[in-house]
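Please look over the sequence and the structure that follow.

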Amino acid sequence: MKTNILFLCKYNRFRSRIAEDYFNKINKNPLVKAKSAGIIKGSPIDKLEQKVCKEMKIDISGKTQGISTKLLKWQNLIVIVANDVQVELFNDNKKYSKKTIVWKIPDNKTDKVSEIKGIVNKIKRNVDKLIKELN
């Protein structure tokens with residue numbers, strides 16, 4: 001069965017983009033695809049976060065994307081990569097035999113490289129665990 005994962009955070013500037021990029025780099029299953037979006041289409045990506053992610057081999061460049069009907073129809077698994085997105089927004093996912101997972105990862109609030117790296121590593125660990133569960 002094909003699995004379409006939609007990684008979500010508040011603005012699609014950081015957390016969901018990390019999850020999407022890392023997942024797509026390490027996923028070996030051609031039946032599993034991943035995209036990302038924000039509940040709200042965010043403003044441009046923070047330069048320091050982008051630099052740190054690039055050093056960690058994660059690409060978060062490009063334009064942010066807001067959630068859409070097309071993405072909601074496409075997905076059959078939503079992963080909320082955020083502690084500031086209401087899971088109740090996706091209660092209907094169950095009604096359509098779709099699943100929702102919540103990771104509750106806080107957004108970066110400082111210019112500390114160590115904090116940015118910590119968030120990236122936490123997301124990577126969760127993605128690793130998700131891939132094992134899917135296989």
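**Core and sheet**

Within the largest nonpolar core, which has 28 residues, those touching the most other members are Ile-5, Phe-7, Phe-23, Val-79, Trp-103 and Leu-130; such a core is a set of buried Ala, Val, Leu, Ile, Met, Phe, Trp, Tyr and Cys residues joined through side-chain atoms within 4.5 Å, buried meaning under 20% relative accessible area with a 1.4 Å probe, protein chains only. At least two residues of this core come from each of β1 (3-9), α1 (15-26), β2 (32-38), α2 (47-55), β3 (77-80) and α5 (113-134), where helices (H or I, at least four residues) and strands (E, at least two) are DSSP runs numbered from the N terminus. The most is given by α5, with 7 residues.

The model is predicted, with local features needing pLDDT of at least 70 and side-chain atom pairs pLDDT 80 or more, whereas totals for chains, interfaces and linings use all residues. Residues are numbered from 1 along each chain as its sequence is written, and side-chain values use heavy atoms, without hydrogens and water.

The sheet is open, its 4 strands running in the order β2-β1-β3-β4 with parallel pairing; two strands pair if DSSP finds at least two bridges between them. Because β2 and β4 (99-102) stand at the edges, each with a single partner strand, one side of each is left without a neighbour in the sheet. β3 and β4 pair over 4 bridges in the parallel sense, and Leu-77 stands opposite Lys-99 in β4.

On this sheet packs α5, touching β1, β2, β3 and β4, contact meaning heavy atoms within 4.5 Å.

Key
Buried means under 20% relative accessible area, exposed over 50%, partly exposed in between (1.4 Å probe, protein chains only). Axes are lines fitted to C-alpha atoms, for helices over the stretch in contact, and angles run from 0 to 180 degrees between N-to-C directions.
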